[in-house]
Amino acid sequence: MREIKLSPSIFAADITRLLEKIRILEQNNVQMLHIDVMDGHFVSQMAYGEEHIRMIKKCTNIPLDVHMMVMQPEYHIESIINAGADMVTVHQESTKCLYHCIQMIKRGGKKCAVALSPATNHLNIECMLGILDMVLIMTVNPGEGNQVFLTDMLEKIKSVRKILHGKNIDIEVDGSINPSTAADCYKAGANIFVSGGYIFNGDIADNIKILWDTLKLQR
């Protein structure tokens, strides 16, 4: 099994205390910082743009895991890379030129990933596995909060892990991730866990420790 990583989603953090929250994440050795970019079209909400990414990059050394929930990401990838993204994820459903988007990210010297919404067939990306660093499986519908974890996605995680055939590709999960659902996703084959509401609701350090301990027990 590949290395377990946590990628807290700052969309769930109190923006007025964001720097304070990032410092706590640093102290607790999280490996990635998940930043949602939402345009109000691909998903109904709007969030973080390139200037926000640039500011966050200046105040932390945690690698930035940027999840682009935007239509036609090909028009924004260059600016997101220049702002400081370390990993850029684009949705299979958001563009007619997915392969081109991945090539743009690779040419920019960054790690690249494709996100699959719940209804998207995982076989759509099988021809691209030679150039991907990660596959993001949405375990809720993208762009909305307070959703119930979709247990059907556990079979999807298993199917993706199977088609990877031992390739050097991570599987990230995003959506209602807490200790219970993280454990289920790990058993199915995921190794990177995006968690927002769970981590930032209450004591951040305690919640991270509980997640870590739960995942370690699954090994």
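Helix H6 passes helix H8 in a right-handed crossing; a crossing is right-handed if the near helix is turned clockwise from the far one by less than a right angle, and left-handed if it is turned anticlockwise. Helices (H or I, at least four residues) and strands (E, at least two) are DSSP runs, numbered from the N terminus. The model is predicted, so local features need pLDDT of at least 70 and side-chain atom pairs count only at pLDDT 80 or more, whereas totals for chains, interfaces and linings use all residues. Residues are numbered from 1 along each chain as its sequence is written, and side-chain values use heavy atoms, with hydrogens and water left out.

Two packed helices are described by the angle between their axes and the distance between the axes. The axes are lines fitted to C-alpha atoms, for helices over the stretch in contact, and angles run from 0 to 180 degrees between N-to-C directions. For H6 and H8 (residues 204–217), the axes come within 9 Å and cross at roughly 35°. On the H6 side the contact (heavy atoms within 4.5 Å) is made by Pro179, Ala182, Ala183 and Tyr186, and on the H8 side by Ile210, Leu211, Thr214 and Leu215. Of the residues in the contact of H6 with H8, seven are nonpolar, one is polar and none is charged. In this division Ala, Val, Leu, Ile, Met, Phe, Trp, Tyr, Cys and Pro count as nonpolar, Asp, Glu, Lys and Arg as charged, and the others, Gly among them, as polar.

The crossing of H5 and H6 is right-handed. Leu154, Ile157, Lys158 and Arg161 in H5 meet Asp184, Cys185 and Ala188 in H6. The contact of H5 with H6 comprises four nonpolar, no polar and three charged residues.

H6 is largely enclosed by the rest of the structure, because seven of its ten residues are buried. Here, buried means under 20% relative accessible area, exposed over 50%, and partly exposed in between (1.4 Å probe, protein chains only). The buried residues of H6 are Pro179, Thr181, Ala182, Ala183, Cys185, Tyr186 and Ala188. Their cover includes H5, strand E8 (170–174), strand E9, helix H7 (197–200) and H8.

Ser195 is found in E9 (residues 192–195) and, at 1% relative accessibility, counts as buried. Apart from neighbours within four places in sequence, Ser195 is in contact with Ser7, Pro8, Ser9, Ile177 and Leu211.

Ser176, in the loop between E8 and H6, has a positive phi of about 55° although it is not a glycine. Ser176 is partly exposed, with a relative accessible area of 30%. Asn29 is likewise not a glycine and has a positive phi of about 60°. The loop that holds Asn29 lies between helix H1 (18–27) and strand E2 (33–39), and Asn29 counts as exposed at 58% relative accessibility.

A search of the whole structure finds zero disulfides (pairs of cysteine sulfur atoms within 2.5 Å). For Cys112, which is in no disulfide, the nearest cysteine sulfur is that of Cys101, 11 Å away. Cys112 counts as buried at 0% relative accessibility, while Cys59 counts as partly exposed at 24%.
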